[in-house]
Amino acid sequence: MTDLPVRMTAIGISSPGGPEVLRPEERPVPTPGSGEILVKVAAAGVNRPDVVQRKGFYPPPPGASDIPGLEICGTVVARGPDATSFALGDRVMALVSGGGYAEYCVAHESHALAVPQNLSDAEAAAIPETLFTVWHNVFERGGLTAGETLLVHGGSSGIGTMAIQLAKAFGARVIVTAGSDDKCAACVKLGADAAVNYRTQDFVAETKAATGGKGVEVILDMVGGDYIDRNYEAAAVDGRIVQIAFQGPSKATVDFRRIMLKRLHHTGSTLRARSVADKAAIVAAAGKAVLPLLAAGRVRPVMDTSVPLAEAPAAHARMESSAHIGKIVLLV
């Protein structure tokens, strides 16, 4: 690391609050530990957990950087002990537990993938957190298979747009909910078989209508609240509901009889606090299944906005407005 700077610019959180608390800071360039790589960041994805962390409700796990940012794209510039998967100069996209909003970021090598040549830095930075979340929750936990139907809440989000593409690529039908007719149209254009404007339509009734009364086999939910009970109603017999976030309340009054009568499975997960080995297994499986689709252009992140690192407050403000369709990325 002798040719690397000692200090770098990063975006810190001055205190819990609104987007204005995101401010440039000078920080030490991190040193990669065993099995880790140091990445010169070219772009970093912006995700809902970053917003929650900024507000003071999602602290980084022990040992992780307090700098926000969970996914990056860049070039390997140093390797820690026992790190052999990538060479210096390799272009990678990586899932990190924090530290992405910075000029340099450490990642475990098992949480990184080589970037397909057809993807820009911004596109590559928009992939890791989204891809690995969708892969693990829709396919590994939800068990979605060809011929089944997936209901995705928040279909126009980064998670939603990735879920649409992957589910279609693996032979499933997709129904989404979104908050405007324009967002619904964007989801259908991307491949969704049906889109429900949750502000003007009842997603349970529309889901039942779209499936001939059967309901859907898998539901990916990031809303919670009263959606929990309604998801049970929209699910098919032996349906699987996978909880990945709560934009609404995390507590709800639910009629659990539907779990018994329909033999439902309600599971969920978070990604950030998982062990290195757990994340490595998810990354390896998702990489094997999806990297060929990315390289062939069959799956591609839907990009909303790319702004310079210093404009992180504007990026967070856009995410909180829910006006975006697809991914918001910071360019470093």
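In this predicted model, the axes of helix α6 (residues 203-210) and helix α7 (residues 227-234) come within 9 Å and cross at roughly 15 degrees. Angles under 35 degrees count as roughly parallel, and α6 and α7 are therefore roughly parallel to each other. The crossing in which α6 passes α7 is right-handed. On the α6 side the contact is made by Phe203, Val204, Thr207 and Lys208, and on the α7 side by Tyr227, Arg230, Asn231, Glu233 and Ala234. By residue class, this contact of α6 with α7 consists of four nonpolar, two polar and three charged residues.

The axes of α3 and helix α9 (residues 276-295) come within 9 Å and cross at roughly 90 degrees. That angle makes α3 roughly perpendicular to α9, since the range for this class is 65 to 115 degrees. From α3, the residues Leu131, Phe132, Trp135, His136 and Glu140 meet Ile282, Val283, Ala285, Ala286, Ala289 and Val290 of α9. The residues of this contact divide into nine nonpolar, one polar and one charged.

Helix α3 (residues 128-141) is itself mostly covered, with 12 of its 14 residues buried. Among the buried residues are Leu131, Phe132, Trp135 and His136, and these four also take part in the contact with α9. Following α3 comes Gly143, which has a positive phi near 65 degrees.

α4 is mostly covered, as 10 of its 12 residues are buried. The buried residues run through Gly158, Ile159, Gly160, Thr161, Met162, Ala163, Ile164, Gln165, Leu166 and Ala167. Just after α4, Gly171 has a positive phi of about 90 degrees.

Most residues other than glycine have a negative phi. Asp82 has a positive phi of about 70 degrees although it is not a glycine. Asp82 is located in the loop between β4 (71-79) and β5 (91-95). With a relative accessible area of 62%, Asp82 is exposed, because the cut-off for that class is over 50%. The other residue is Arg263, also not a glycine, with a positive phi of about 55 degrees. Arg263 sits in the loop between α8 (257-262) and β13 (265-268). Its relative accessible area is 47%, so Arg263 is partly exposed.

Another loop residue, Val21, belongs to the loop between β1 (7-13) and β2 (22-28). Is Val21 buried or exposed? At 5% relative accessibility Val21 counts as buried, because the limit for burial is under 20%. Leaving aside its neighbours within four places in sequence, Val21 is in contact with Gly12, Ile13, Ser14, Ser15, Pro16 and Arg54. The C-alpha atoms of Val21 and Ala312 are separated by 9.9 Å, although the two residues are 291 residues apart along the chain.

Note on methods: Residues are numbered from 1 along each chain as its sequence is written. This is a predicted model: local features need pLDDT of at least 70, side-chain atom pairs count only at pLDDT 80 or more; totals for chains, interfaces and linings use all residues. Side-chain values use heavy atoms; hydrogens and water are left out. Buried means under 20% relative accessible area, exposed over 50%, partly exposed in between (1.4 Å probe, protein chains only). Helices (H or I, at least four residues) and strands (E, at least two) are DSSP runs, numbered from the N terminus. Axes are lines fitted to C-alpha atoms, for helices over the stretch in contact, and angles run from 0 to 180 degrees between N-to-C directions. Angles under 35 degrees count as roughly parallel, over 145 as roughly antiparallel, 65 to 115 as roughly perpendicular and the rest as oblique. A crossing is left-handed if the near helix is turned anticlockwise from the far one by less than a right angle, and right-handed if clockwise. Contact means heavy atoms within 4.5 Å. Ala, Val, Leu, Ile, Met, Phe, Trp, Tyr, Cys and Pro count as nonpolar, Asp, Glu, Lys and Arg as charged, and the others, Gly among them, as polar.
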